[in-house]
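Biologist: Could you take me through this model, please? I would like to begin with the sheet.

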Amino acid sequence: MIVLVAGASGRLGGLVVALLLGRGHTVRALVHEQAQADPLAELGAQPVVGDLRGDVEWAADGCEAAVFAAGARHRSELGAIDGGGAAKLAEAADRFELRRFVLCSAVGAGRPERREGPLREFLEAKHHAERRLARLDMPWTILRFGRLTDEPGTGRISTALPAGTPVTLRRDDGALAVVEALSREHLARQMLHVIDGDRPVADALDAVEPRSLPPTHASGLAAGQLDDLDTDYEGDGPLPPELVGNEDPAPGMP
């Protein structure tokens, strides 16, 4: 399968690229600048340089699936990248009739109005991307991650979101969930929470009940599925003013 990975040079995206290559897939790695492309080419990926704030729709042409694992490096770019960039790439995937599209989002994106300040802006951008994606008549999957951490992965997750409890996710396990989700047709047009847990990733995803949803415009069941429980995205403080070096869809919060 030819898979486009947006955010391929980021901490999460790089793990997704490595896993896909290890499984024999062809990876088109979308990066922001040429300096990020060379290391990915050495791994065996096919890097392409583009700016998610501008025209990147062409990057999906000729692919069979896409993963959006990018994240803004600066607070001022949240709307353009986490929101608009993800939406544009999803709409391109729909136009080029890709078989799958996986959006890496964040816990809390269903109810951004419950938060304040920069964190609200971050979740509003994710909310915008999710809603645009839900309008498309294509096999999309939204993975809402807990706060990503750098602890070694365990290969285990949970898709059950506990109410009122801050949640985290090991970045290694998030990348594995992305790759496993691509191959599971029953996850099409579904939103899942993915957090640290005790169930093997493949088993946790296989246990998700399939949904038979007609094409919608973010209404009915599809709209309801994008709501959140009363669960906080861990880190009650604000995002740092400049997210230098972030490039993750669910960055660590102070």
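**Strands, helices and loops**

Modeller: Leu4 has Ala66 in strand 4 as its bridge partner. Strands (E, at least two residues) and helices (H or I, at least four) are DSSP runs, numbered from the N terminus.

Biologist: How should I read the numbers and values?

Modeller: The model is predicted, so local features need pLDDT of at least 70 and side-chain atom pairs count only at pLDDT 80 or more, whereas totals for chains, interfaces and linings use all residues. Residues are numbered from 1 along each chain as its sequence is written, and side-chain values use heavy atoms, with hydrogens and water left out.

Biologist: In which sense do strand 1 and strand 4 pair?

Modeller: Strand 1 (residues 2–6) and strand 4 pair in the parallel sense, over four bridges. Two strands count as paired if DSSP finds at least two bridges between them. Strand 4 is also joined by four bridges to strand 5, and these two run parallel. There, Val67 has Val102 in strand 5 as its bridge partner.

Biologist: What holds paired strands together in general?

Modeller: Strands of a sheet pair through backbone hydrogen bonds, either parallel or antiparallel.

Biologist: Are the faces of strand 4 covered or open?

Modeller: Both faces of strand 4 (residues 65–68) are covered. Ala65 and Val67 on one side, and Ala66 and Phe68 on the other, are all buried. Buried means under 20% relative accessible area, exposed means over 50%, and partly exposed lies in between (1.4 Å probe, protein chains only).

Biologist: What is the order of the strands in the sheet?

Modeller: Nine strands form an open sheet with mixed pairing, in the order 3-2-1-4-5-6-10-8-11. Strand 3 (46–49) and strand 11 (199–200) are the edge strands, each pairing on one side only. Strand 11 is joined by two bridges to strand 8 (residues 156–158), and the two run antiparallel. In that pair, Arg156 stands opposite Pro200.

Biologist: Which strands does helix 4 touch?

Modeller: Helix 4 packs on the sheet and touches strand 5 and strand 6 (140–145). Contact here means heavy atoms within 4.5 Å. The direction of helix 4 makes about 155 degrees with that of strand 5.

Biologist: And how do helix 3 and helix 4 cross?

Modeller: The axes of helix 3 (residues 78–95) and helix 4 (residues 117–134) come within 8 Å and cross at roughly 10 degrees. This makes helix 3 roughly parallel to helix 4, a description used for angles under 35 degrees, while over 145 is roughly antiparallel, 65 to 115 roughly perpendicular and the rest oblique. Axes are lines fitted to C-alpha atoms, for helices over the stretch in contact, and angles run from 0 to 180 degrees between N-to-C directions.

Biologist: Is Arg189 buried or exposed?

Modeller: Arg189 counts as buried, at 7% relative accessibility. Arg189 also has a positive phi of about 60 degrees, although it is not a glycine. Arg189 lies in the loop between helix 5 (171–182) and strand 10 (190–196).

Biologist: What does Arg184 touch?

Modeller: Not counting residues up to four places away in sequence, Arg184 touches Arg100, Ala202, Leu205 and Asp206. Arg184 is found in the loop between helix 5 and strand 10 and is buried, with a relative accessible area of 12%.
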